[in-house]
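Subject: The structure I promised you

Hi,

Have it open while you read.

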Amino acid sequence: MVRGKRFEKTVSPRLTVGNGWPVSPRHVICSRRNMLAPRTLSAMTPDKQHEHSKPHHDRPHRHHYDAEMLSVEEARERILSYFSRLDPVEVDLIDALDMVLAEDLVAPFDVPPLPNSAMDGYAVLSSDLVGASASSAVELPVAFTVAAGALPEGPLVAGSVVRIMTGAPLPQGADAVVPFEDTDELERRAKGDVDAQDSIGIKLTAKPGDNIRAAGEDIAKGEMVLKAGTRLRPGAIGVAASLGRGTVRAYRRPVVAIISTGDELMTPGEPHQPGKIYNSNAYSIAAEVKRYGGIPKISGIAKDTIESLQERLAGALATADMIVTSAGVSKGDYDVVKDVLAKNGAIALWSVRMRPAKPLAFGTLNGPGGRKVPHLGLPGNPVSAMVAFEQFGRAAIHVMMGRGELPKPTVQAILDDPVNNFDGRRVYARVIVYQAPDGVLRARSTGTQSSGALTSMAFANGLAICPDDVSKMEAGETVTVEMLDWPEDVFPHR
Ligand code: AMP
Ligand code: MG
């Protein structure tokens with residue numbers, strides 16, 4: 001078995017807390033469960049990046065680290081308060097897969113519509129077969145044949161049988177069907193008298209109801225079959241079809257505009273230029289939007305200027321239900337996303353106690369006609385962007401599609417590799433969950449856990465969670481893993 005590399009211990013040269021106060025790693029690496037212990041004031045020295053409220057203190061002081069950074073749950077709750085279910089629309093049935101039904105589906109008729117045969121065989125009156133057995137078949141005349149889709153020529157007359165195919169309506173007067181296997185049909189065929197066959201030997205007795213599907217056995221006329229709010233999985237799509245529905249009303253899929261920011265970005269398909277990188281975020285995020293049922297609209301690349309981003313946004317704001325940008329949310333010189341949010345909308349939060357993806361912007365942008373369009377500003381690092389989208393963008397799509405907030409399905413697995421937590425954030429470690437020969441689920445690292453290494457997401461099927469107050473999880477410990485590729489409603493909640 002191929003084992004992944006150990007989780008990398010990548011202590012950054014200068015760690016910061018709160019609004020950018022640097023502290024030495026020695027103060028943030030702590031033993032299990034004391035992550036939130038007070039830090040010494042002397043550990044914190046102001047630096048140029050410090051963007052604190054004014055007037056400012058002239059001596060180093062402690063920042064309210066916990067108040068400034070939101071937990072994943074707090075951030076998600078705040079973000080979701082900006083979203084609600086979108087309008088219902090009439091959609092072609094097949095396009096409604098995984099959408100949420102916005103109407104009750106009540107059966108206008110019985111399904112199946114008539115009593116019919118569950119087997120290819122002979123419709124009989126069971127009382128005609130008393131004493132039938134393999135050694136003494138009861139021979140009866142065959143009145144006629146009824147095929148699926150046809151109606152019987154007439155009722156079954158006692159003392160005769162009707163040849164009947166699966167799904168064909170039962171003639172009146174018949175109360176059971178005997179399958180071909182329990183007749184001498186095969187022997188007669190072998191003798192070549194199939195066409196001339198006007199009687200049949202039946203080798204088994206029957207009880208009333210044998211091999212008959214009653215009218216309305218699956219769905220009775222007037223029954224509420226699928227309630228509004230049901231997620232249309234393939235079986236439900238089939239049921240809607242069996243009720244004759246070519247279209248259904250379902251909550252609209254959100255249009256999610258995706259704008260990448262960064263002077264370094266090129267579009268995949270373009271020839272490679274020195275010093276540039278391909279815009280992978282737009283594609284990984286668009287794929288996630290699609291996976292969760294939304295309609296992604298890759299809306300190009302903005303340069304690292306306020307004007308360029310505003311220009312890109314103008315087009316997206318007209319049609320999108322949500323705007324997702326990547327990069328430009330940290331503290332670098334060219335990080336303009338939050339400036340645009342502040343200028344053309346309102347910032348709701350930024351900074352979440354998670355790794356990867358601490359810097360995060362969320363707010364609303366002013367769209368045409370006073371419309372406030374929610375904007376999720378993802379970090380630029382490709383893994384951070386995906387993990388942040390998984391935690392926040394995914395939930396927003398579910399809410400807009402009428403599914404409510406669906407928690408990610410999790411499994412418990414045994415770690416093959418340790419997970420380090422340097423600075424009291426919740427760690428989402430990329431892992432491959434696999435079933436060991438003893439049947440136990442185990443989780444091994446996908447290798448480097450750098451937030452720039454997108455292969456760590458590509459190879460992973462889950463995100464192993466190291467809680468924020470645990471500084472290290474050892475190999476052999478049980479860990480909770482959010483499964484990336486499982487649908488959220490894989491198990492009902494009760
Ligand atoms: P930033 O948030 O702008 O500081 O970007 C953080 C890192 O993510 C940098 O290494 C960027 O080059 C990289 N990055 C930003 N946007 C993208 C993108 N769309 N696709 C791939 N990498 C990106
Ligand atoms: Mg940048």
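First, a term: two residues are in contact if their C-beta atoms, placed from the backbone, lie within 7 Å. Leaving out neighbours within four places in sequence, Leu-360 is in contact with Val-329, Trp-350, Ser-351, Val-352, Gly-377, Leu-378, Pro-379 and Ala-388.

Some housekeeping: this is a predicted model, where local features need pLDDT of at least 70 and side-chain atom pairs count only at pLDDT 80 or more, while totals for chains, interfaces and linings use all residues. Residues are numbered from 1 along each chain as its sequence is written, and chains are lettered from A and ligands numbered from 1 in the order in which they are written.

Now the overall picture. The protein chain has 10 helices and 29 strands; these are DSSP runs numbered from the N terminus (helices are H or I with at least four residues, strands are E with at least two).

Which residues touch the most other members of the largest nonpolar core? Leu-360 is one of them, along with Ala-250, Ile-323, Leu-463 and Ala-464, in a core of 86 residues. A nonpolar core here is a set of buried Ala, Val, Leu, Ile, Met, Phe, Trp, Tyr and Cys residues joined through C-beta atoms within 7 Å. Helix H9 (residues 382–400) gives the most to this core, 12 residues. A second, separate core has 23 residues, including Leu-140 and Ile-202.

Next, some strands. E21 (residues 361–366) runs antiparallel to E19 (residues 345–349), joined by four bridges, with Ala-346 opposite Thr-364. E21 also pairs with E22 (residues 372–378), antiparallel again, over six bridges; pairing takes at least two DSSP bridges between the strands. Five residues sit between E21 and E22 in their hairpin, where Gly-369 takes a positive phi near 65°.

There is also an open sheet of five strands, in the order E9-E6-E8-E7-E10, with mixed pairing. Its edge strands are E9 (176–179) and E10 (199–202). Within it, E7 (residues 138–146) and E8 (residues 161–164) are parallel, over three bridges, and Val-146 faces Ile-164.

Finally, what surrounds ligand 1? There are 19 residues, and the closest include Ser-260, Asn-279 and Gly-380 (the cut-off is a C-beta atom, placed from the backbone, within 6 Å).

Conventions: A residue is buried if 20 or more other C-beta atoms lie within 10 Å of its own, exposed if 12 or fewer, and partly exposed in between; C-beta atoms are placed from the backbone.
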